[in-house]
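Colleague: Hi! Could you walk me through this protein model, slowly please?
Modeller: Happy to, here it is.

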Amino acid sequence: MPDPSQSQPHSALGSLFIIAAVVAIGAGAFAYTAGWLSPGRLTPTKLVGALAPPDGPALGHRRNHAKGICFTGMFEANGNGTALSRATAFVAGQYPVVGRFNLGTPDPNATDATVRVRGIGVQISTPDGETWRMAMIDPPIFPVATPQAFYELLEASKSKDPEVIKTFAAAHPEFAAFGKWATTAPWTASYAEVAFNSLNAFIFMDGTGAEHAVRWSLMPQAQVTPISGTDLEKLGPNHLEDDIMDRVSKGPQSWTMVLTEAAPSDPTSDPTKAWPSERRTVQAGTLVVQKIEAEADGPCRDINFDPTILPDGIKVSDDPFPAARSAAYAKSYDLRTSEASYYPRTAGSTKP
Ligand code: HEM
């Protein structure tokens, strides 16, 4: 049996060492996460900081896609999506949706016609407790291939020297396809007429366990009437929100969810590369928007449409964006919810 009088000082020293080691590991992990150990590393703080306009972010609001309006409705699955994924959202039935139409700008008061990229956040909930969140935009391809290049693009776009963005574009030839879309694609005067694209590729697992690389789109069922940016400007600074409130007050607005399966040779890690149009597509159901509510008191206000919140049957692929987006959205969410007093709810609201 060990003599306690001899072993005590030894074990006290050992305990101190263990405590010191735990503190050191904790401090090291904190410093690493904060990016202090590797100033060149891309952190969520740097990404979110790069989104801020020169006069600072709009406190209390999303750090990107800040202008938006909430909706609620249903995802009506027709059952066809089960060919690609066992996710319950694809089993024929109706599932409640909370979502948000938005503009790709850090300015919640931006004029509609000054913002080229439009977005949608969608959350589909199923009775088994699964949640599928997605945030999609209207260009058919993303401007850059990696989160690091996105950060560099944000920084270059802020420079007053026009050579800086030219140098960026020369170093990133893939940026040209987005530039062409942004300058030539027609505008529309309604969120109801916009096609939204996941752009990032995800892995769908079907009922047999087989995996399929998939991107998806929400294709508008409303008649699409192209207009020029100048004509959109004439409709007023907040026409898109006024229009969608008006349309939905008269009847539900619908989008068809189209799943596109990659061929083995298609790139899944690079959202600047569209997949050939002849790829297999599956019409999985219809997003039906039934009610619009202002964001300040609406059900989408405090949702983080993190694209890595996925149901059983869908997982991330080798596309580097969803992980980077998840970290940046969490940072933005933490900031905006802690600044809620700068974006007050309206007087009649019962929420804190
Ligand atoms: C590294 C690249 C990206 C960064 C850093 C980034 C950053 C952000 C941030 C900070 C927000 C606000 C999140 C919140 O406060 O809830 C946001 C919202 C959004 N982003 Fe991204 N984003 C990136 C890529 C993308 C891509 C690839 C898409 C589409 C395919 C996209 C679509 C959207 C949409 C639609 C919203 C609005 C969602 C909502 O209504 O809450 N983003 N983004």
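Colleague: Before we start, what kind of model is it and how do the numbers run?
Modeller: It is a predicted model, where local features need pLDDT of at least 70, side-chain atom pairs count only at pLDDT 80 or more, and totals for chains, interfaces and linings use all residues. Residues are numbered from 1 along each chain as its sequence is written.

Colleague: Ok! How many helices and strands are there?
Modeller: The protein has 8 helices and 10 strands. These are DSSP runs numbered from the N terminus, with helices being H or I of at least four residues and strands being E of at least two.

Colleague: And how much of the protein is buried?
Modeller: Buried residues are 33% of the 352 residues. A residue is buried if 20 or more other C-beta atoms lie within 10 Å of its own, exposed if 12 or fewer, and partly exposed in between, with C-beta atoms placed from the backbone.

Colleague: What share of the contacts join residues at least 24 apart?
Modeller: Among contacts between residues at least 6 apart in sequence, that share is 75%. Two residues are in contact if their C-beta atoms, placed from the backbone, lie within 7 Å.

Colleague: Let's do strands. Which way do S1 and S9 pair?
Modeller: S1 and S9 are antiparallel, with 8 bridges, and Phe75 sits opposite Leu287 in S9. For strands to pair, DSSP must find at least two bridges between them.

Colleague: How many bridges link S8 and S9?
Modeller: S8 and S9 have 8 bridges and are antiparallel. Ser254 is opposite Val288 in S9.

Colleague: And what about S7 and S8?
Modeller: S7 and S8 pair antiparallel over 7 bridges, and Met219 faces Thr256 in S8. S7 also pairs with S6, antiparallel, through 4 bridges, where Met205 has Glu211 in S7 as its bridge partner. Then there is strand S5 (residues 196–197), joined to S7 by 2 bridges in an antiparallel arrangement.

Colleague: What is in the hairpin of S6 and S7?
Modeller: There are 5 residues between the strands of that hairpin, and Gly209 takes a positive phi near 95°.

Colleague: New topic: which residues touch the most other members in the largest nonpolar core?
Modeller: In that core of 43 residues, they are Ala89, Trp132, Val214, Leu218, Met257, Leu259 and Leu287. Strands giving at least two residues each to this core include strand S1 (67–77), strand S7 (211–220), strand S8 (253–261) and strand S9 (281–293). Another core, of 14 residues, lies apart from it, with Phe150 and Phe175 among its residues. A nonpolar core is a set of buried Ala, Val, Leu, Ile, Met, Phe, Trp, Tyr and Cys residues joined through C-beta atoms within 7 Å.

Colleague: Which residues does Leu259 touch?
Modeller: Not counting residues up to four places away in sequence, Leu259 touches Gly81, Leu84, Val214, Trp216, Thr281, Val282 and Ala284.

Colleague: Now the ligand. Which residues come nearest?
Modeller: Of the 30 residues around the ligand, the nearest are His65, Gly119, Gly121, Ala135 and Ser332. A residue is near a molecule if its C-beta atom, placed from the backbone, lies within 6 Å of it.

Colleague: Which element gives the largest share of that shell?
Modeller: H8 does, with 8 residues.

Colleague: And how do the shell residues divide by type?
Modeller: There are 16 nonpolar, 9 polar and 5 charged residues in the shell. Here Ala, Val, Leu, Ile, Met, Phe, Trp, Tyr, Cys and Pro count as nonpolar, Asp, Glu, Lys and Arg as charged, and the others, Gly among them, as polar.

Colleague: What does UniProt say about Tyr329?
Modeller: The unreviewed UniProt entry has a "binding site" annotation that covers Tyr329. UniProt positions are given in the numbering used here, feature names are shortened, and annotations may be inferred rather than shown by experiment. In the model, Tyr329 lies in helix H8.

Colleague: Is Tyr329 buried or exposed?
Modeller: Tyr329 is buried, because 25 other C-beta atoms lie within 10 Å. Leaving aside neighbours within four places in sequence, Tyr329 is in contact with Asn304 and Asp306.

Colleague: Last one: why does Ala263 count as exposed?
Modeller: Ala263 is exposed because it has 11 other C-beta atoms within 10 Å. Ala263 is in the loop between S8 and S9.
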